[in-house]
There are 2 protein chains.
Amino acid sequence: MRKSVIRELLKVTQDPEIISFAGGLPNPRSFPIKDIEGCIHNVMENHGEVALQYGTTQGLQELREAIAERSYKECIDIQDDDVIIFSGSQQALDTVGKIFLNPGDTALCGLPTYLGGINAFRSYEANLTGIPLDKDGMRVDILEETVKKLLKDKIIPKFIYVIPTFQNPAGVIMPESRRKKLIDIANEYDLVIVEDDPYSKIRFDVPHIKPIKAFDDGGHVIYMSTFSKILSPGFRLAWSIASPELTRKMIICKQALDLCTNTFTQFIANEFMRRGSLDLHIMKLRELYKPKRDIMMNAMDKYFPDGCTCYKPHGGMFAWATLPEGIDTELMFLDAIKEKVAYVHGKAFHVDGGGERSMRLNFSYSTDEQLDEGMKRLGNVIEKKLEKRKAVL
Amino acid sequence: MRKSVIRELLKVTQDPEIISFAGGLPNPRSFPIKDIEGCIHNVMENHGEVALQYGTTQGLQELREAIAERSYKECIDIQDDDVIIFSGSQQALDTVGKIFLNPGDTALCGLPTYLGGINAFRSYEANLTGIPLDKDGMRVDILEETVKKLLKDKIIPKFIYVIPTFQNPAGVIMPESRRKKLIDIANEYDLVIVEDDPYSKIRFDVPHIKPIKAFDDGGHVIYMSTFSKILSPGFRLAWSIASPELTRKMIICKQALDLCTNTFTQFIANEFMRRGSLDLHIMKLRELYKPKRDIMMNAMDKYFPDGCTCYKPHGGMFAWATLPEGIDTELMFLDAIKEKVAYVHGKAFHVDGGGERSMRLNFSYSTDEQLDEGMKRLGNVIEKKLEKRKAVL
């Protein structure tokens, strides 16, 4: 295993003068501190002795019920027994890896894809085969070709890892038709889909699209989402929704991982939902992040040289920019740090070694002023890099 | 992987009429709810935006500093950089498994030993070789013989898993001389010792003995302890102390497991320590648990038939009883449940299939009345079992 690029970057970027577009952090000013304190007071008053004790491995039943109820509104028709509360999505990804992957096994993922997923799956010595994305997310036609080819070679892919909504890092959304096609493929070839959905609530200017899990008539989808982006990452709370058989396996696996998820923060999150505060908070997050997305996109227009392209994300936390031919964003990173601005280079999200011209830019964490100033610095860095390159040619 | 016996038992024992000696739970009345609320108020006031955010994988620096300082008092001379904060000891055990164990590898542990350790290590398909205990803990003479024999067969044991103080489940303490001998063995054969120390602070009537790590002049010991037994298990906070090389590896591993430990409860635990509340609370726990230990031991004298033996634990949370020949505590468990009393049968703690006459009895969780009544019920169950057996013979 190698140290996660993002975690390493986080260290570099602890210099307070650096404007960091590197992390995937919510804006700290968004945290509903007073509301959470109110919830905690209630939890301590009424459930203190249970909230500070060990809990069941599957997670607090009231919280699982609340999640099942919310899921029903998204057309995922489940019971609380189908939900597991994990210590963050990363643990859910690790659990998927631990259940499915032996050394040398193959799993499929996007090109690009979330690097925490890459880390989790590679820690089980799996081979990850990348499926290219376009503006509508994972290319399901190439996916099907790849599956056929693998099966012909007697390789059964253990699962397909997909982030269908506001994909990390690419920002794109998979339309409903493609989601249905994914289910068709899963049904036809009896494959598991791991649907990672941390961002769908952080939606600015597109209609809601049902999760892949909503179309899952064959029980092939392991859905996962998290409180990290819509409440607090410090609480380390995420959840999975899967078939009874897979849920049972994941619970057994989680027992050996950490016995149970933090009971105390589960109680707080449950109280926060019970009060109806979560939906209000999500609305506030949209209002906070949408202008930030706009500032970043406008600044890119203003400061980035010609030849840079970027898909405008309609939600989530990231913009994904591609720079002109000849620039390696991994090498350029040191120049950027010198100019006090940080990003994550595209290769980190590519399982095939590609992505050298791309970079992921987070717009949720920085202040509005930092967003403009940081993009200005980054534009300069790119400009200089291009000039140097011209001088050489 | 099979479902953890304890977790399964916990489900059975959710019947409120059952008096459960099965879990390893702190007494819920011990939780310092008001003090914790005070800490939370301070954390929210002064660190809200950081406490609700992602943290570093290694853990909150202030908390690691506080732990390093406490460790120094125990003659473990370390820096905060040698500490990792884990999401509970189980995660530290899982991390050790993930780093050291490939399928077919061998690790050594006590006979009996903590079943969460067995679960974690077996999930990596390791072979666990048991080393018998006596009243002074692991038999280091047998350990050395076993190591020699394994090495002769070209099998290098990946580590030795030891719980030296108030061993779970046996309750025994390893004296200093044997701890030093363990270090000698580790140094001579270049072996890793995993020292699990959740209970040493829950000490009633014996002097403190330095941890094995205090004698570790060769950097062979991975020490781990937890806030679960001395503050709150719901907070899911534990820590490791190890050499820089092993610490680095464990951090990389933890990145893929869950990115970081719960930031919020780390801040709370740190504030609790900063105020000097932890040592006071530990004193209260000793005062609460010592009479409970006495009630259980007295009740055992009173209600258990002749031929039952039990080592009187001088700390921790468990008594370990051995019943007369011919009783299988796993089979007897159903009778016990019918009589509304629960325990964990001895086989669960044995990697060699042994322990059928033994049982682990927790004395920290129950009320004083429940302790007496539960032991009475259990005495009856054993009595009946012996009578039935006599009738058959």
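In this predicted model, chain A can be laid on chain B by a turn of 180° and a shift of 0.0 Å along the axis, with an RMSD of 0.0 Å. The two copies are thus related as by a two-fold rotation axis. Within chain A, the C-alpha nearest this axis belongs to N262(A), which lies 3.8 Å from it. Both copies use the same surface, as 100% of the contact residues of chain A recur in chain B.

The contact between the chains can be followed from the side of chain A. Here 44 residues of chain A are in contact with 44 residues of chain B. Several elements of chain A give two or more residues to the side that touches chain B: α2 (33–51), α4 (89–100), α5 (115–122), α8 (244–258) and α9 (263–274). The largest share comes from α2(A), with seven residues. By class, this side of chain A divides into 19 nonpolar, 18 polar and seven charged residues.

Next comes a pair of helices inside chain B. Two packed helices are described by the angle between their axes and the distance between the axes. For helix α10 (residues 277–303) of chain B and helix α12 (residues 368–392) of chain B, the axes come within 9 Å and cross at roughly 25°. Angles under 35 degrees count as roughly parallel, and α10(B) and α12(B) are therefore roughly parallel to each other. Their crossing is right-handed. On the side of α10(B), the residues that meet the other helix are K292(B), I295(B), M296(B), A299(B), M300(B) and Y303(B). Their counterparts in α12(B) are D368(B), L371(B), D372(B), M375(B), K376(B) and G379(B). The contact of α10(B) with α12(B) has seven nonpolar, one polar and four charged residues.

For β10(A), pairing with strand β11 (residues 318–322) of chain A is in the antiparallel sense and runs over three bridges. In this pairing, T309(A) of chain A stands opposite T322(A) in β11(A).

Key. Residues numbered from 1 in each chain as written. Chains lettered and ligands numbered in written order. Predicted model: local features only at pLDDT ≥ 70, side-chain atom pairs only at ≥ 80, totals over all residues. Axes fitted to C-alpha atoms, helices over the stretch in contact; angles between N-to-C directions. Helix = DSSP H or I, 4+ residues; strand = E, 2+ residues; numbered from the N terminus. Parallel < 35°, antiparallel > 145°, perpendicular 65-115°, else oblique. Left-handed = near helix turned anticlockwise from the far one by under 90°. Contact = placed C-beta atoms within 7 Å. Nonpolar A, V, L, I, M, F, W, Y, C, P; charged D, E, K, R; others polar. Least-squares fit on C-alpha atoms with pLDDT ≥ 70 in both. Pairing = 2+ DSSP bridges.
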